[in-house]
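Student: I'm new to this one and would like a close look at a single part. Could you take me through the charged pairs?

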Amino acid sequence: MSVVETNKVDAVAARPDSSIVKLVITDHLEWEDFEAHALLIQDKINTYLEFVESGQLAQIQTPKIPEAPDIHIVLMLQYPPTNEAMEFFGRVRELLAGMGMKFDVEVD
């Protein structure tokens with residue numbers, strides 16, 4: 001799965017000794033069309049928020065999800081982001097922080 005499959009969760013990572021649950025978005029796209037790329041990321045994040053808010057995350061058995069998870073949405077990029085993308089990520093980070101979640105970006 002990847003960022004282009006906006007209606008699916010790519011990966012859920014949790015450890016039994018931690019309250020952190022990472023919801024991972026894999027992104028293999030380059031940044032030549034920032035607007036289209038950002039829209040895909042936005043749609044994917046909305047899917048992840050629905051996944052959490054609907055209770056689907058809490059139903060996962062393996063890995064066992066803690067009762068009060070510290071949710072991190074992690075965007076795994078194949079290509080380094082542009083300055084415009086970094087500004088977008090800052091806005092996403094602020095929005096999710098207001099919802100009690102973290103947003104991390106990693107370049108593979």
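Student: Which residue forms a salt bridge with E5, and how far apart are the closest N and O atoms?

Tutor: Keep in mind that this is a predicted model. The partner of E5 is K8, and their closest N and O atoms lie 3.5 Å apart. As for how open this pair is, E5 has a relative accessible area of 27%, which makes it partly exposed. K8 is partly exposed too, at 36% relative accessibility.

Now move on to D10 and K44. Their side chains form a salt bridge as well, with 2.6 Å from N to O. This pair ties together distant parts of the chain: D10 sits in the segment before β1 (11–14), K44 belongs to helix α1, and 34 residues separate them. D10 counts as buried because its relative accessible area is 14%, and buried means under 20%. K44 is also buried, with a relative accessibility of 0%.

Then there's R15 with D17, another salt bridge, at 3.1 Å from N to O. Here both R15 and D17 are exposed. Altogether, the structure has 4 salt bridges by the rule used. As a general point, side chains of opposite charge can pair when their charged atoms come close.

One last thing about α1, the helix that holds K44. The largest nonpolar core has 28 residues, and α1 gives the most to this core, with 7 residues. Among the core residues with the most contacts inside it is I45, which is touched by I73.

Notes. Residues numbered from 1 in each chain as written. Predicted model: local features only at pLDDT ≥ 70, side-chain atom pairs only at ≥ 80, totals over all residues. Heavy atoms only, no water. Core = buried A, V, L, I, M, F, W, Y, C linked by side-chain atoms within 4.5 Å. Buried < 20%, exposed > 50% of the residue type's maximum accessible area, 1.4 Å probe, protein only. Helix = DSSP H or I, 4+ residues; strand = E, 2+ residues; numbered from the N terminus. Contact = heavy atoms within 4.5 Å. Lists of a residue's contacts leave out its neighbours within four places in sequence.
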